[in-house]
Amino acid sequence: MLASALFYLLAAATVAATLLCITRTNPVHAVIYLVHAFFDLALIFYLLGAPLVAAWEMIIYAGAIMVLFLFIIMMLELAPGGKPLEVDRQRWIPVLLLSLVTLGCTVVLIIQDPSAAASGAAYHASPREFGTALFDRYALGVQVVSFQLLFAAVGAYYVGKGEPRRRGGPSS
Amino acid sequence: MIVPFAHVLLFAALLFVMGLGCALARRNLIMILIGVEIMLNAAAVALVGGSAHWRQVDGQVFVVFLMAMTSAEVAISLAMVVYLRRRRGTLEADKFDGMHG
């Protein structure tokens, strides 16, 4: 009962944060709202019995990929700047609401863990089961994915390297 | 399963449609990539929900593959964003309509 209530609350918060994300004109605000949606999504993954996926959602999506987006936006100066920061009450309302929902759900999960209380009813993948499936049944997939990541790193380096300087010619 | 499987799928579909709308409606390359991210997360929600529904760990393993695929895709596409910004000076998707062989 508690778990399903938390699921619907977090799903509503995720949808609200995503809607706010896709309607922003400032890309920095969009990325921050999407990070918030990923926090709620990580809690949903935990409720659905995937604690490792929840941790990786935080570490990889919110911590690495979205921060990479922020770096690129700031490096290319895509955010509209120059305006002085003004105190806007309207802008604070959705941020406060979403943060309170996430904080409340986290505190409730810490105090009374519904997945542990109803361990007979809800599915909960242990790290041992997960690791056995990943590295035993899907070992070939892990190899393929590692190759894919290597190719992506080489490709990103090649594309991002910039113009090759011509030998002896005038530097453009 | 704490909630009906249909509700999880409905939530995933809602997220996917929002990501699709963002990728189709916005013309900034960064916002298009954010829409793709939202769609991939909707797929992850559906996979984890299926994993909880059938009580098999395979769905969660596929979410890990999905995350690795997303990392690769984001690395390449952000490198392309930097490259296009240097070469063309804009990130509006409508401006990239000519092929100069």
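This is a predicted model: local features need pLDDT of at least 70, side-chain atom pairs count only at pLDDT 80 or more; totals for chains, interfaces and linings use all residues.

## Exercise 1: An aromatic pair

The structure holds 9 aromatic pairs over all chains. Classify the geometry of the pair formed by Phe62(B) and Phe65(B).

**Solution.** The ring centres are 5.8 Å apart, and the limit for a pair is 6.5 Å. The angle between the planes is 90°, and an angle over 60 degrees counts as edge-to-face. The pair is therefore edge-to-face.

Both residues lie in helix α3 of chain B; being 3 residues apart, they are separated by about one helical turn. Phe62(B) is partly exposed at 38% relative accessibility, whereas Phe65(B) is buried at 14%.

## Exercise 2: The contact between the chains

State how many residues each chain brings to the contact, and what area is buried between chain A and chain B.

**Solution.** The contact takes 64 residues from chain A and 55 residues from chain B. The buried area is about 5100 Å², with 78% given by carbon and sulfur atoms. Of the area that chain A buries against chain B, 13% comes from Leu48(A), Phe69(A) and Tyr123(A), more than from any other three residues.

## Exercise 3: Salt bridges

Over all chains, the count comes to 2 salt bridges. Locate the partners of each and describe their exposure.

**Solution.** The count between chain A and chain B is 1 salt bridge. Arg137(A) and Asp58(B) form a salt bridge whose closest N and O atoms are 3.0 Å apart. Arg137(A) lies in helix α6 of chain A and Asp58(B) in helix α3 of chain B, so this pair joins two chains. Arg137(A) is exposed, with a relative accessible area of 52%, while Asp58(B) is buried at 17%.

Now consider Arg27(B) and Asp94(B), whose closest N and O atoms are 3.3 Å apart in a salt bridge. Arg27(B) sits in the loop between α1 and α2 of chain B and Asp94(B) in the segment after α3 of chain B, so the pair ties together parts that are 67 residues apart in sequence. Arg27(B) is partly exposed at 30%, and Asp94(B) is exposed at 51%.

## Exercise 4: Cysteines

How many disulfides does a search of the whole structure find over all chains?

**Solution.** The search finds 0 disulfides. For Cys105(A), the nearest cysteine sulfur is that of Cys21(A), 20 Å away. Cys105(A) is buried, with a relative accessible area of 2%.

For Cys22(B), the closest cysteine sulfur is in Cys21(A), at 6.0 Å, which is too far for a bond. The cut-off for this step is 2.5 Å between sulfur atoms. Cys22(B) is likewise buried, with a relative accessible area of 2%.

Technical notes: Residues are numbered from 1 along each chain as its sequence is written. Chains are lettered from A and ligands numbered from 1 in the order in which they are written. Side-chain values use heavy atoms; hydrogens and water are left out. Buried means under 20% relative accessible area, exposed over 50%, partly exposed in between (1.4 Å probe, protein chains only). Rings of Phe, Tyr and Trp (its six-membered ring) pair if their centres lie within 6.5 Å; planes under 30 degrees apart count as stacked, over 60 as edge-to-face and the rest as tilted. Helices (H or I, at least four residues) and strands (E, at least two) are DSSP runs, numbered from the N terminus. Contact means heavy atoms within 4.5 Å. Buried area is the accessible area (1.4 Å probe) that two parts lose on being put together, summed over both. A salt bridge is a side-chain nitrogen of Lys or Arg within 4 Å of a carboxyl oxygen of Asp or Glu.
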